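Please keep the sequence and the model open while reading.

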Amino acid sequence: MTLKAAIEYLNTHPESTELVERSLEVISDEEKRLNAFITVKNEIEKGIPIGIKDNINVKGMKTTCASKILEGYVAPYDATVIKKLRVCGYAFVGKTNLDEFAMGASTEYSAFGPTRNPHDVERVAGGSSGGSAAAVASGEVIAALGSDTGGSIRQPAAFCGVVGFKPTYGLVSRYGLVAFASSLDQIGPITKTVEDSAILMNIIAGKDENDATTVDRNIDFTQFVGKQIPKMKIAVAKQSFGEGVEEGIKNRVNEFVQELSRHGHDVDVVDIDEIKYSVATYYIIAPSEVSSNLSRFDGVKYGLRISSDSLREMYEKTRGLGFGEEVRRRILIGTFNLSAAYYDAYFEKAQKVRRVIANKLYSVFEKYDFIVTPTSPVVAFKVKSVNDPLVYYMMDIFTIPANLAGIPAISIPYGKSENLPVGIQIMGPRFSDAKLLGFADWVERNLGKS
């Protein structure tokens, strides 16, 4: 069932608990093979069942960030997006699995085990919002929220064959989201259809006094959904067909381009060479912000504490045992980048390159409405098949630029490769979210491939 259909059902059956009951039944059946949830709230209530990534606070429920260091932590307040969803009658049936503190692209880096892909349980669901994507794709929930720092909504959505939307930075409050990299993080929806994402955006977006980075923009995210759209100018990044992109994915992108042209849109292949710098830039900036943001998890204020004879030893043991390998790696990289000897050489330079990448994208948008790439250069890979962190990081090459530039981007399913879903990513200029959703909805209705 789509979110739109669920809303229509509850409008005529306002006291019904059937949707939540059905959701809990599917979760009970599917969790044996998927492990999409860390916490399930087994309470029958009325409303629309939605999954919440377990780095977003829901009052009275655990917020673990898939980490041992927060294993027993119960959130004392609702995130702003949760408050807004409560008012609109959503039922939070559970907290979904993720890579620890949202650091990863497979949900393998979870202290509670990996989430499996509903299309092939031998493969990953993507990450870091892999639990949310798998829960929507399997029918465990009607929709879910994720967070996206470098592609963590869009990439798992692509791997699981659902829709993932990252809004313009500042449109959705981050209050109540456990911070990873504050200048990059953004909460967004994972849904079965583009229209469902637009419906959720109308609820969760808006200026928030608790988040100074939010902006006051009155946007109707559904205004172009279901409408005919004018001829668009589309830039397809030349890098979509480059080295490292699987042939099956290149074929789907090529088919997508041909279909756009057949429907009368102007499509050009454009060289966006700056994309090649995005991964290196991200993996300096993001770990640096991680080093700062995760310093609060020290065993003093909340979460895990390993008792020791001295304060320093307590810090070392708590953080050493509480954090997983990938989180420790990024903290160390970030601390190194921010040290007095290397700040100018690495962090400051990365910020300058970030601006170069953003300016390149902005310049493309002066001529084109949207930029198209694959969401991921690969389809869902097998669990435990990737051991080299650098290979792992390169999987984010197409999604990271949108976070660096603060622009909206969406992943929509478009056919398969090796019998696994392929996602097409569409990026738009800042605050073009409604137009982007309208175009993606048109693509879904007119070019959709099963």
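The model is predicted.

## Setting of S240

S240 sits in a loop, with β9 (233-237) on one side and α7 (247-262) on the other. Is S240 buried or exposed? S240 is buried, because its relative accessible area is 0% and the cut-off for buried is under 20%.

Leaving out residues up to four places away in sequence, S240 touches V245, K250, V253, V372, T373, P374 and F398.

Strand β8 covers residues 187-191. Five of its five residues are buried, so the strand is largely enclosed by the rest of the structure.

Strand β6 (residues 143-147) runs antiparallel to β8, joined by four bridges. Here A144 stands opposite I190 of β8. Strand β7 (residues 163-166) also pairs with β8 in the antiparallel sense, over two bridges. In this pairing V163 faces T191 of β8.

## P189 within β8

P189 belongs to strand β8. P189 is buried, with a relative accessible area of 0%.

Which residues does P189 touch, not counting those up to four places away in sequence? They are A144, L145, I153, V163, G164, F165, S197, L200 and M201. The C-alpha atoms of P189 and G104 are 18 Å apart, and 85 residues separate the two along the chain.

Conventions. Residues numbered from 1 in each chain as written. Predicted model: local features only at pLDDT ≥ 70, side-chain atom pairs only at ≥ 80, totals over all residues. Heavy atoms only, no water. Buried < 20%, exposed > 50% of the residue type's maximum accessible area, 1.4 Å probe, protein only. Contact = heavy atoms within 4.5 Å. Pairing = 2+ DSSP bridges.
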